[in-house]
Amino acid sequence: MRVDVFTIFPALVDDFTRLSLLGKARKDGALDLRVHDLRDGAGGRHRSVDDAPFGGGPGMVFMPEPIFAAVEGVQEREGLPRPLFLLSPGGRTFNQEIAEELANSTSGFSLLCGRYEGVDQRVCDHLVDGVLSVGDYVLSGGEVAALAVIEAVSRLLPGVMGNDESSGVESFSDGLLEYPQYTRPAEFRGWTVPSILLSGDHQRVDRWRRVESLVRTLRHRPDLVDARGGLTREEVEMLVEEGEVELLAERGYT
Ligand code: SAH
């Protein structure tokens with residue numbers, strides 16, 4: 001999958017993606033990541049990409065000219081995978097569903113990272129295809145946001161994770177948070193692993209994990225339970241059998 005990134009700090013994106021799973025995906029060719037310097041689109045000795053906002057106010061804003069020039073230059077020379085997304089706190093909130101959509105689109109996508117006070121509105125209106133946010137907080141630049149998107153999408157690509165199944169059973173894959181995980185030793189500083197996990201009884205282990213997933217999600221992210229249409233009758237019964245009556249009542253299941 002090809003992913004193009006536009007930034008005034010190409011080294012930030014490039015260095016991060018040289019290591020770990022992303023580095024391996026780039027080497028193996030599963031991820032064709034191309035990082036472009038927005039300053040390549042800027043003229044003049046200082047290769048300036050920003051200017052003061054019309055109407056006054058603090059900070060600087062990315063000018064449309066260098067951004068359009070950088071993006072259109074790449075588009076002409078090597079083609080550009082679309083959609084092109086601007087990273088901005090004002091965008092649609094990125095989530096696992098969008099990550100899956102992007103991972104399934106064989107044509108790839110591109111990301112534009114802002115800095116300072118953001119980018120000229122004409123970039124949003126006439127150059128990009130969409131706007132993505134990584135959450136309701138303000139970063140100093142779009143690079144960390146772009147890396148979050150790239151990492152979430154890349155690990156869904158076939159062959160990128162060591163164990164292809166492991167991306168299918170984790171948080172959000174069925175609208176719930178993942179169950180707690182444990183590894184050796186079975187006892188650490190007196191804290192023991194739930195004994196069911198050592199029992200070798202797969203049916204009981206599956207049931208325990210299901211219950212833990214439901215309890216965790218109900219407790220910490222009831223909005224996720226609502227978003228999947230609440231609990232099924234079978235799930236409510238299972239939680240009653242496990243003694244979670246109080247939690248159920250708190251969440252409106254009586
Ligand atoms: N003045 C802008 C914030 C600019 S932050 C505003 O109030 O909306 C500078 C850059 O960081 C943005 O252009 C964007 O590319 C990036 N950024 C900051 N927070 C982000 C977030 N939550 N999601 C995605 N990108 C973000």
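Predicted model: local features only at pLDDT ≥ 70, side-chain atom pairs only at ≥ 80, totals over all residues.
Local features require pLDDT of at least 70 and side-chain atom pairs pLDDT 80 or more, while totals for chains, interfaces and linings use all residues. Residues are numbered from 1 along each chain as its sequence is written, and side-chain values use heavy atoms, without hydrogens and water.

**Exercise 1.** State into which domains the protein is divided and how far apart their C-alpha centres lie.

Solution. Step one: domain 1 covers 2-154 and domain 2 covers 187-250, with bounds from an automatic or database domain assignment. Step two: the C-alpha centres of domain 1 and domain 2 are 40 Å apart.

**Exercise 2.** Describe the surroundings of E235.

Solution. Step one: E235 sits in helix α9 (residues 233-241); helices are DSSP runs of H or I with at least four residues, numbered from the N terminus. Step two: the relative accessible area of E235 is 4%, so E235 is buried (buried: under 20%; exposed: over 50%; partly exposed: in between; 1.4 Å probe, protein chains only). Step three: neighbours within four places in sequence aside, E235 is in contact with R210, L214, R228 and G230, where contact means heavy atoms within 4.5 Å. Step four: the side chains of E235 and R228 make a polar contact of 2.8 Å (a pair of N or O atoms within 3.5 Å; within protein, one must be able to donate a hydrogen and the other to accept it, and residues adjacent in sequence count only if both atoms are side-chain atoms).

**Exercise 3.** Compare the salt bridges D4 to R2, K24 to D28 and R92 to E101 by the accessibility of their partners.

Solution. Step one: a salt bridge needs a side-chain nitrogen of Lys or Arg within 4 Å of a carboxyl oxygen of Asp or Glu. By this rule the count is 22. Step two: D4 and R2 are 2.7 Å apart, N to O; D4 is buried at 0% and R2 is buried at 15%. R2 and D4 also belong to a salt-bridge network with D32, R34 and E78. Step three: in the pair K24 and D28, the closest N and O atoms are 3.1 Å apart. K24 and D28 lie four residues apart in helix α2 (residues 20-28), about one turn of the helix. K24 is partly exposed at 45%, whereas D28 is exposed at 52%. Step four: R92 and E101 meet at 4.0 Å, N to O; R92 is partly exposed at 48%, and E101 is partly exposed at 44%.

Notes
Helix = DSSP H or I, 4+ residues; strand = E, 2+ residues; numbered from the N terminus.
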